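This briefing covers a ligand site and the strand pairings of one protein. Please look over the sequence and the model before reading on.

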Amino acid sequence: MNAPIDDIDRLMAVMAEAFDPAYGEAWTRRQVEDALVIGNCHYELIAGDGGAPQDGAPVAGFFLSRYGFEEEELLLFAIAPTWRRRGLGLALLDRFARSARARGADRLLLEMRRGNPAEFLYRRFGFLPIGERPNYYRGPDGQALDAITFAYSI
Ligand SMILES: CC(C)(COP(=O)(O)OP(=O)(O)OC[C@H]1O[C@@H](n2cnc3c(N)ncnc32)[C@H](O)[C@@H]1OP(=O)(O)O)[C@@H](O)C(=O)NCCC(=O)NCCS
C-alpha cells in the first residue's frame, strides 16, 4: 500500500508519543516504509473526532496491519496519550475490522505482551486469547515476558 510522505510523518509522530520506550515496541520509519511497500500491509489514520484526518492536520492514532490467507494481523495499533479514553481505540478497531473484511479477511489476529493494558481494549472489542509464546518479549529490566495471541472472528 503506497502512503503519502505526509501520512508517514503523521503516523510516526503518534508512534513517537504512544509507545513506552521501555519495551522497544515502536517501529522505525524505515520499518514502516518497508512494510508499506510490500503490498499486503495497510494502515489508517484516525482524527480526534473519530473520522479520517484532513490533509496536513495532526492525527490521534493509527493502525498498521498485514493481510494474508483470509486473516489480517494487527502489527501496530496506537492512540496518542492526549486522545486516550475517549473511545478512539474502539472506533479504530472497528475501522480495522471493516477494512480487513473488505480485503477478504474473516479473522483478525494480534499479538501483545502480557500485562499491556491494551488487553482490556481488545477484550472489550471481542478479541479472545488463542495462544501464548512464553518468554517472547524482554521487559525494561531484561525480564522475560510472554506474548499472547488474540483472535477475533469478523
Ligand atoms: C491501547 C490504546 C490503543 C487504547 O486507546 P484508547 O483510545 O484509550 O481506547 P478507548 O478509549 O477506545 O478504550 C475503550 C475501552 O477499552 C478499555 N481500555 C482502554 N485503555 C485501557 C487502559 N489503559 N486500562 C484499562 N482499560 C482500558 C476500557 O474498557 C475503555 O473504556 P472506558 O474508557 O469507558 O473505560 C492506547 O492506550 C495506546 O495507544 N497504548 C499504547 C500503544 C499500545 O500499547 N498499543 C497496543 C500494542 S499491542
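Two strands pair if DSSP finds at least two bridges between them. Strands themselves are DSSP runs of E with at least two residues, numbered from the N terminus. In the hairpin of β2 and β3, 2 residues lie between the strands, and phenylalanine 69 takes a positive phi near 55°. The model is predicted. The points below take the strands first, then the ligand.

**Strands β1, β2 and β3**
- β1 spans residues 41–46 and β2 spans residues 61–68; they pair in the antiparallel sense over 6 bridges.
- Histidine 42 has serine 65 in β2 as its bridge partner.
- β2 also runs antiparallel to β3, and 8 bridges join these two strands.
- On that side, glycine 61 stands opposite isoleucine 79 in β3.
- In a regular strand, side chains alternate between the two faces of the sheet.

**Strands β5 and β6**
- β5 covers residues 128–138 and β6 covers residues 144–153.
- They run antiparallel, joined by 7 bridges.
- Glutamate 132 has isoleucine 148 in β6 as its bridge partner.
- The hairpin of β5 and β6 has 5 residues between the strands.
- Within this hairpin, glycine 142 takes a positive phi near 85°.

**Ligand shell**
- The ligand is surrounded by 20 residues.
- The closest are Phe77, Ile79, Arg85, Gly87 and Arg124.
- Ile79 is also the residue in β3 that stands opposite glycine 61.
- By class, the shell divides into 13 nonpolar, 3 polar and 4 charged residues.

**Backbone contacts to the ligand**
- Arginine 85 places a backbone N or O atom 2.8 Å from an oxygen atom of the ligand.
- For glycine 87, a backbone N or O atom lies 2.9 Å from a ligand oxygen atom.
- Glycine 89 likewise has a backbone N or O atom 2.9 Å from an oxygen atom of the ligand.
- The protein covers 78% of the 910 Å² of accessible area that the ligand has on its own.

**Pocket and contributing elements**
- Which pocket does the ligand take up? The space taken by the ligand is the largest pocket.
- α4 gives the most, with 5 residues.

Key:
Residues numbered from 1 in each chain as written. Predicted model: local features only at pLDDT ≥ 70, side-chain atom pairs only at ≥ 80, totals over all residues. Heavy atoms only, no water. Near = heavy atom within 4 Å. Polar contact = N/O pair within 3.5 Å; in protein donor to acceptor, adjacent residues only side chain to side chain. Areas by Shrake-Rupley, 256 points an atom, 1.4 Å probe, with all protein chains shown as cover. 1 Å grid on protein atoms, 1.4 Å probe; cavity = no way out; pocket = protein on both sides within 12 Å on 5 of 7 lines; lining within 4 Å. Sits in = over half its atoms within 2 Å of the grid points. Helix = DSSP H or I, 4+ residues; strand = E, 2+ residues; numbered from the N terminus. Nonpolar A, V, L, I, M, F, W, Y, C, P; charged D, E, K, R; others polar.
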